[in-house]
Structures are given as structure tokens and as C-alpha cells.
Number of protein chains: 2
Amino acid sequence: TTADLALEARLRHKIDHKTKPLGALGLLEALALQLGLIQRSESPALHSPQMVVFAADHGIAAEGVSAYPQAVTVQMVGNMLAGGAAINVFARQHGFALQVVDAGVAAELPAHPQLQPRKIAMGTKNLCAEAAMSRAEAQAALAAGMQTVAALPGNVVAFGEMGIANTSPAALLLARLTGAGIIDATGRGTGLDDPQLLHKQAVLTRALARHPATEPFDAVGELAALGGFEIAMMAGAMLQAASERRVVLVDGFIAGAAALVAQALAPAVRDYLVFCHRSAETGHRLLLAHLQAKPLLELDLRLGEGTGALLAWPLVQSAANFLNEMASFESAGVSEK
Amino acid sequence: TTADLALEARLRHKIDHKTKPLGALGLLEALALQLGLIQRSESPALHSPQMVVFAADHGIAAEGVSAYPQAVTVQMVGNMLAGGAAINVFARQHGFALQVVDAGVAAELPAHPQLQPRKIAMGTKNLCAEAAMSRAEAQAALAAGMQTVAALPGNVVAFGEMGIANTSPAALLLARLTGAGIIDATGRGTGLDDPQLLHKQAVLTRALARHPATEPFDAVGELAALGGFEIAMMAGAMLQAASERRVVLVDGFIAGAAALVAQALAPAVRDYLVFCHRSAETGHRLLLAHLQAKPLLELDLRLGEGTGALLAWPLVQSAANFLNEMASFESAGVSEK
């Protein structure tokens, strides 16, 4: 809109007249502009940041595509609810409220104040043999993600995930939604060795061939065939967050796959996404390049949970802070170039 | 020592048994190990972090090697003391006490509670014509940097700098101390265009030739010939901080040059340095490669002041926090691979 263009010009002027050489705050300057545009404000303010971890299991785990047994999903959910996982440490450090959403863990989970029961099914089906989920399940997962965000306070949300084998659906969605080769899209996940990686690549090549591309292209259909419940729910959560003009902190490869799905459903969601970390996972580089995203961090993380998003959060605050608090050349009496 | 080796083994065991895949926290794992070794503790604790900005002027500014006039040094010191610079914003955000040290600004500075008067001279001499400073001045600056740190509380120090034209002495020290070519070592600083960059490269080539390498190698002699007061003082500050086993947050290119000098004087200082940011400045990549340093951030900053160091600080805290707070596989009942 015209109003947005005028705001962008005012934001750029404000950024460029801070007491620093032009562009000297690098990526933080583009981020400050993005925050201002998201909030439609020259003085964006971030408050009550929320961390939501979507957890689910994957039928394809039966094919031996992960270094860890499927039982680890439910164990790690327990660890998160007990406060012992990496994401808990970083959420406490940065003052994020944390909730875990059972999107489709293959076990009954006992009730817990930080656990939202939104289980679609006891894990997806094995997508080597059939669709991971029905179309109705995909739509239900998208809707559940939307509802999760609609109930949250604050104007910043970070999304993470836990799901043994979930780099497999992420790689498949990357290949299908961007045209990347499935071999290039497939990486070592949490630590496959060479023979295990070759096996995973063979399994995913077979799986992708099992599900011909939808024609005409149908993002929900692709999500149902190739996705996972945590990915679907996170995509819905991103759509809702963007519709409410919240800042969305995007973690690693799995969250990136959810972003691809969300963008396929509603391209405007892209403007609300802050890409936080580029992982060592091969496909993640391709995914970010496709989205023309330059992430804030590159720390060789390969943990998921939302850890990359929370580690980048202070940089997001710094972007807002320099925009709001730094002196201008005029106000400080400093000579411009 | 044997005790250090035993501690390292215990730290690696602790890191590897946290509830995450092996190595999944990437650079934070190496950082947690470093923090433990610096503090000789399996549970490193960081407190009372201090930010010190060393400010000085440079005779070589008269050669037109900077995009900004020399007067900006004193203006930016004023801006920092008034709280309006980028470094103030980030120091407030992260709870760093901030002091500015007048290492050799070419103006009398009015007294201020956050300003330490340690002026060696009213800027260095023009090193195109003569040594930047005398050997006695270089030693006085190193000693002043040591005294500055010795008086500080806490166990974490971040160093920044302000000094128009100071990428020039940094490039010269990089070339002399590492053998890098002076053309490769010379970059755009705060924003030179192509003709200005060519001019700077010509000036620095001439300057380097004006001062033959010391033989036998003499780091203090090189510092006197090619350096700056803020660089010398920062090098002394790093040496003192390491001797007290403080964690040292190293900012960008100028701080990197100070680290080169400090390492030339006492190689063991390297173990205490946390390299925080890789800037777009050409020579910085060479400098970090020489020190075998993999910095935490790469945000295209080219501001100095210590901004890269403070922006990386939350990651340093995260490294300590995961080491201290995350559950182990045993304590959380999670299956290992």
C-alpha cells in the first residue's frame, strides 16, 4: 500500500541517520526495517515472546532413516516438560513462555500445564507405502496450529519441533515445493554416518516417486502426502501469526519446511518470518536460498526444538533497540560523511 | 597441565551426555569447553560483564584514508558518554557497565564519570613519515591497558574502539604480524568507494615500506611503528584480562589486530579470547584465519565500538547455561543413540 511505502521510506531515513556509517549495522538494519513494517510503526516494540514446540511422530521412522529410536520423541517431550532440554534453558534465559503441543506423538501423554493436547493421530503413516496423513488430517493440523497461536499473548512467536525422523518429511517437502533434488535435500539429521545417509537417500527417493506431484499444484495435498503433523501445525501457526502481524522466529530445517508450506498457501506470510539459523543440514541451505533468506546465525546447530530461534532472539531485540534508542547525527552533533 | 587435561575430559563428557545428539549445539559446545577451561570449572559462571571502549586518533588520517573527518572521534566519544551510540544501546540491553578510555584522542576531553583519562598523546604521528609512536609510548599504552582491566570487577570483559582511520594501523599490523599482503589486508573501513580504497592501499603500501620489519622480530617495535594508542592499550588490556583468567570478548577488525599484538607478546592469551564477529572488512577474514578463530557472528557489521562483541554476548551466556542447566541422558531418562 501507499501507506506502507511511505512508512518504509521513513524507516530507512531513520536507520540511515543514526550515528554510524551507512549500513554499518549490517543485517540488523534490514531486520529493524522488517520489524517496523510488520508492526506498521517507526518504533517497533516487542513484548511477551512465546515459544511453542510442536511434537509428533513419523511412520517413516520404521524405515530406519533416523539415528535415534522413535521412543525418543516422547522421552524428549517429557524432558521439555520437566525443564531439562536445551530449549528450556534458552527460553528461561530469554524470558520466553514455553508450551509443548502434542501434534501427533505416538503415545498417550499425561496431562501437564505446559502441554497442549492437539493430537491428530498416533504419528503419521509410513509415507513409503501411503499418504502420511489424509487431506482432512492435514487441514485439521493446519487449523490446530492457527488456534494455538490465536490463544497466545504477545507479538512475537518462536516455533520449534520435536519428532524423530522429521528431517525426512522436511526433505521431501523441500524437494516437492522447490524442485530441489531429493538427494541434495536429504542430510544427516541428528548424525547419520555415510551408509545410513545413503540408505535415507534411497528411502526418500522411493518415497517421493510413490507420490506423484499434484496437478494442478495443491499445497495441502502435498502436505498430506509427504508431511508431518508438527510441520503442518507449525505452518498453520505461521499463517495465523502473520495474519495477526506478529513477528515469527523461524528455527532450522524443519521450521523452514513449514515456512515453505505456509508460503505456498499464502505468499504474504514471508514478510513476517525472521530466519534465525542456517544449520549444517544440506537441504537447509537450498531451502533458505529458495526463500531468499539470509539467516541471523550460523552456529552449526542441528538440534531443532526451536533452539536456533531463541539463540537469535537477542539480535532481534537489538535491531528494535538501535532503531528506538540510538542518537541521530543531528541530535548528537556528529559530522556526517 | 595434567589437571587441565583431566578437566577437559570431564567437560567433554558433560557436554556429550546432555540430552541432544552429539555435537548438536555446534559452536556453543566448543565455547562451553573454552569457558570451563578459562575458569577451571565444570560449571563456569559469568558475572559483572564490563565493556571498555578505547578511543584514539591517528596521524595517518591526514593522508585521507578514512571516509570521515578526524573530528568524528571526539564527537563519537561525546555521543558514547551521552548514551546515544550503538554500543550504549547494546550495553544497556545486556547489562554491561561501559567505560570509555581516552587512549590518545587529539583533543582535550572534559571530565566525565564514564571517561578514563589515559591519554598517551594527542593522537599518533603520521606513520607515513615516522613511527606512529615512540617505544616508550607503546609500552606506556600497553601498561595503561593493563591497569584499566586490573581495576575492573567481574570475570568477563569486552573491548571496543573508536578512532577515525584506525583500520589503517590494523591493516598494517595484520600485514606485518601475519605476512598477509598489504593490499589484501586493506579494506573499505567505514565506507570508502573504489578510488578511495585504491588511494588507501597506495598509502598503506608506502607506509609499510617506510618501516622495515624488525629483526629479530620485536612486537613492541612493530606496534610503535605501525600501531595506534587504542590498539596498544587494548592489547595490554587483553594480556591483563587473560592473566586474571577473565573471558575476553573480541570485537571486529581493530580488536583482532590488538589480539595479534597480544598474542605476539604472550601466545597463551589466545585461550582466553572469544572471537565474536567476522566483519565484511577484507583483512578480517585473513586475520581470523591466522588465529584459527571461528567467530560466533557474521552480521556484516562494520561499526566497531565493540558492537560485535556485545551482540554475541547472549551466545556466550547460552553456552554456559546449557552446560550448567541441561539434563543429561541419564537424569532425563532419554535413550542414547
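User: How much area do chain B and chain A bury between them?
Analyst: About 4,300 Å², and carbon and sulfur atoms carry 60% of it. Keep in mind that this is a predicted model.
User: How many residues are in contact there?
Analyst: 54 residues of chain B touch 54 residues of chain A.
User: And how many salt bridges between the two chains?
Analyst: Four salt bridges. One of them joins the side chains of A:Asp300 and B:Lys294, at 3.1 Å from N to O. There are also 22 residue pairs in polar contact between chain B and chain A, both residues at pLDDT 80 or more.
User: Which element gives the most on the chain B side?
Analyst: H13(B), with eight residues. By class, the side of chain B that touches chain A has 29 nonpolar, 15 polar and 10 charged residues.
User: Switching topic: what are the domains of chain A?
Analyst: The domain assignment gives domain 1 as 2-45 + 321-332 and domain 2 as 50-316. Their centres, taken over C-alpha atoms, are 32 Å apart. Domain 1 of chain A brings 10 residues to the contact and domain 2 of chain A brings 14.
User: What about the buried area between those two?
Analyst: It comes to about 1,000 Å², with 59% from carbon and sulfur atoms. On the domain 1 side, A:Leu27, A:Leu31 and A:Ile38 supply 50% of the area buried against domain 2 of chain A, more than any other three residues.

How values were computed
Residues numbered from 1 in each chain as written. Chains lettered and ligands numbered in written order. Predicted model: local features only at pLDDT ≥ 70, side-chain atom pairs only at ≥ 80, totals over all residues. Heavy atoms only, no water. Domains from an automatic or database assignment. Contact = heavy atoms within 4.5 Å. Buried area = accessible area lost by both parts, 1.4 Å probe. Polar contact = N/O pair within 3.5 Å; in protein donor to acceptor, adjacent residues only side chain to side chain. Helix = DSSP H or I, 4+ residues; strand = E, 2+ residues; numbered from the N terminus. Nonpolar A, V, L, I, M, F, W, Y, C, P; charged D, E, K, R; others polar.
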